[in-house]
Amino acid sequence: MTQTIVRNGTVVSLDPDVGEFEAADVLIEDGEIIEVGTGLSASNAEEIDATGKIVVPGFVDSHIHLAQTQMRGIAGDWSLMGEYFDHMLGNITGIYQPEDMYLGGLYGAFEKLNTGTTTALDWSYPNTLEHGERAVDALQDTGLRAVYTYGPPGDDAAKWWYESDVGLPEEKIRSLHEEKIRDDDLLSLALGLRGPDFCTPETARADLELARDLGALSTIHMGAALWPSSEYGDDYQGFGAIEDMLGPDVNVAHGNHFTQEDIDHAVEQGVSFSSTPEVEMQMGHGIPVTGKVLEAGGRPAWGVDVCSNVSGDMGSQMRIGLQLQRMFDNQAVLEGDEEVTEVSISARDTLEMATIEGAKALGLDDEIGTITPGKRADLVLFDADDFMTAPCHDPVQTVVFQTDPSHIDTVLVDGEVVKRDGDLTNPKVDEEFDRFVASGERLLDEAGIDL
């Protein structure tokens, strides 16, 4: 039995039954949270001094493409329907070799851990089974908890996107699940569906049925742009062919153009929504779905999405998503000739969207998302005694508004320390760095993209 005590931290559990503590301990045994309280003791336990630290559940990124990490800084001026589709899905992803998938995923996962994200849904475009295997190897080599999402290959946009009638590669997906994912406690499988926006109705239904047969989450890019305009015009058709198949195992990424009626129905069926506000604001997806999901009585989860143009820091998404929705809500009040006298959603709301709501979206809320006895010990310790964070009057507001990744002192995943004293502990951070940089340079050169 391995025991760890996180000692004397300000604990924000996000579990109403556990509550918050100004100074408390978290006892961990074999990766499981056993107890949260004061004055806890255990013989031979490793102690982590959390004095002056805020202890929160690890962030959950509900939608990101980790393999794009070595393409950082190329898509900051791209739109979705212009350069991104042409350059990324129509060009760069087809050039990826298995080692490029590994290196992008490796450093994308390191960025996640370094910035306090302990779980991520990695939406992947594996050109071959080996590409998928190396993408999973990267996740395993970092110690990140992850939902590996097997999406359409990235080698032929005309075949796999637009009006595709080609289903996801079932044999390869089953092989990857059986050989690499099923028996790994930190990994689970999702299928990256194109949905009726980007494939025929029959294909959309068949892909979803395959996911259900595998017991896998279905995560679908939907409603991110009014495309194809020849079919939809200004009236997005919503869930279409899969409307009768919605359920808690369906996650929608983006969903900007769904009507309120669509969202009401989906939330009622248990569908989760992943909003990636920073990318959506830039690339022309439309207004984030946040307000409509809240109106329907649900809550969205946050995600980063495209790390070729924004950082992988979930703290940024928490703030941007929160303040953007507050802006829309405030403007509605002002347009009614009234004064804004209160804000709509709170700092706690956005922190929960980055933790427990993300866990729910990925079907992992029984395991992670709050600091609760019986759940796995995925924890982040923020320095609250820094000249940029002190004095800490409200730990939730301090984490949401006053911290950045430099204030993350310690990160644990499944009870294992992956970041200590501000530095990642994995030697591969340094060992693979030159190969990582070379991969990005080669991909950009072969793609022939002039920045």
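Me: Is asparagine 8 buried, partly exposed or exposed?
Reply: This is a predicted model, in which local features need pLDDT of at least 70, side-chain atom pairs count only at pLDDT 80 or more, and totals for chains, interfaces and linings use all residues. Residues are numbered from 1 along each chain as its sequence is written, and side-chain values use heavy atoms, with hydrogens and water left out. Buried means under 20% relative accessible area, exposed over 50%, and partly exposed in between (1.4 Å probe, protein chains only). Asparagine 8 has 32% relative accessibility, so it counts as partly exposed.

Me: Where is asparagine 8 found, and what is its phi?
Reply: Helices (H or I, at least four residues) and strands (E, at least two) are DSSP runs, numbered from the N terminus. Asparagine 8 is in strand β1, residues 3-12. Its phi is positive, in a residue other than glycine, and is near 65°.

Me: Is leucine 14 buried or exposed?
Reply: Leucine 14 lies in the loop between β1 and β2 (20-29). It is not a glycine, yet it has a positive phi of about 65°. Its relative accessible area is 8%, so leucine 14 is buried.

Me: Which backbone nitrogen does the side chain of asparagine 127 reach?
Reply: Asparagine 127 is in the loop between β7 (117-124) and α3 (129-142), and it counts as buried because its relative accessibility is 10%. A polar contact is a pair of N or O atoms within 3.5 Å; within protein, one must be able to donate a hydrogen and the other to accept it, and residues adjacent in sequence count only if both atoms are side-chain atoms. A polar atom of its side chain lies 2.9 Å from the backbone oxygen of threonine 93. At 3.1 Å, the side chain also reaches the backbone nitrogen of aspartate 155.

Me: How far apart are the end C-alpha atoms of helix α12?
Reply: The expected span of a helix is 1.5 Å times one less than its number of residues. Helix α12 (residues 314-335) has 22 residues, so it should span 32 Å. The end C-alpha atoms agree with this, being apart by 32 Å.

Me: At the start of α12, which residue's backbone nitrogen does a side-chain oxygen of aspartate 313 reach?
Reply: The buried residues of α12 include Met314, Gly315 and Ser316. The side-chain oxygen of aspartate 313 comes to within 3.0 Å of a backbone nitrogen, that of glycine 315.
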